[in-house]
Amino acid sequence: SEWGIGGVKQGGDDAPLRPRMTLDASQHSPHADLAQVIARLARIRHESRALRRGTYQQLFVAHEQFAFARRCDDEQVIVAVNAASEPARLRLPVAASDGQQFTDMLNGAQQFHVHGDHLEIDVPPCWARILR
């Protein structure tokens, strides 16, 4: 859920996966800031036509990392997710000119540059980057 409340599958019953929600769920959530993060992700999506309507291209798939590109008109957005508890360095093939700059819309406008048709980025543990 948006509050990050855990559930446990027991036998063939899915009901324990969806525990009853209470009004104070956000105060007892293991991820109290999760609703704010979801709101920030929604704003980023709203601001990007490529994220809403662009073509999709898978760039990287591993056990705990995933990256894809969305393109629309003159906008390209790369989303990289790291589910591991350690940082991950990803080398992503991109359709961009050498030296082109991508700005992270999720993490304080950090900048990354294309080198040799690839973008090398570090993705923090259990987090993501959204580059435009």
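Buried residues are taken here as those with under 20% relative accessible area, exposed residues as those over 50%, and partly exposed residues as those in between, with a 1.4 Å probe and protein chains only. Helices (H or I, at least four residues) and strands (E, at least two) are DSSP runs numbered from the N terminus. The model is a predicted one, in which local features need pLDDT of at least 70 and side-chain atom pairs count only at pLDDT 80 or more, whereas totals for chains, interfaces and linings use all residues. Residues are numbered from 1 along each chain as its sequence is written, and side-chain values use heavy atoms, with hydrogens and water left out.

Strand β2 (residues 65-72) is largely enclosed by the rest of the structure, because six of its eight residues are buried. With pairing defined as at least two bridges found by DSSP between two strands, four strands form an open antiparallel sheet in the order β1-β2-β3-β8. Its edge strands are β1 and β8 (127-131), each of which pairs on one side only. Neighbouring strands of this sheet are turned by 15° against each other on average, direction ignored, where the axes are lines fitted to C-alpha atoms, for helices over the stretch in contact, and angles run from 0 to 180 degrees between N-to-C directions.

Within this sheet, the antiparallel strands β1 (residues 55-61) and β2 are joined by six bridges, and Thr55 has Arg71 of β2 as its bridge partner. The two strands form a hairpin with three residues between them.

A nonpolar core is defined as a set of buried Ala, Val, Leu, Ile, Met, Phe, Trp, Tyr and Cys residues joined through side-chain atoms within 4.5 Å. The largest such core has 17 residues, and those with the most contacts inside it are Ile78, Leu90, Leu92, Phe102, Leu119, Ile121 and Leu131. Two or more residues are given to this core by each of β2, β3, β4 (88-93) and β7. With contact meaning heavy atoms within 4.5 Å, and residues up to four places away in sequence not counted, Leu131 touches Gln76, Val77, Ile78, Phe102, Thr103, Asp104, Phe112, Leu119 and Ile121. Another core, of ten residues, lies apart from the largest one and includes Ala50, Leu51, Cys72 and Leu106.

Several loop residues were also examined. Val114, in the loop between β6 (111-113) and β7 (118-123), counts as buried because its relative accessibility is 0%. When residues up to four places away in sequence are not counted, Val114 touches Val94, Ala96, Ser97, Asp98, Gly99, Gln100, Phe102 and Leu119. The C-alpha atoms of Val114 and Ala95, which are 19 residues apart along the chain, are separated by 9.4 Å. Asp117 also lies in the loop between β6 and β7 and, although not a glycine, has a positive phi of about 65°; its relative accessible area of 48% makes Asp117 partly exposed. In the loop between β5 (101-103) and β6, Ala109 has a positive phi near 60° in a residue other than glycine, and at 45% relative accessibility Ala109 counts as partly exposed.
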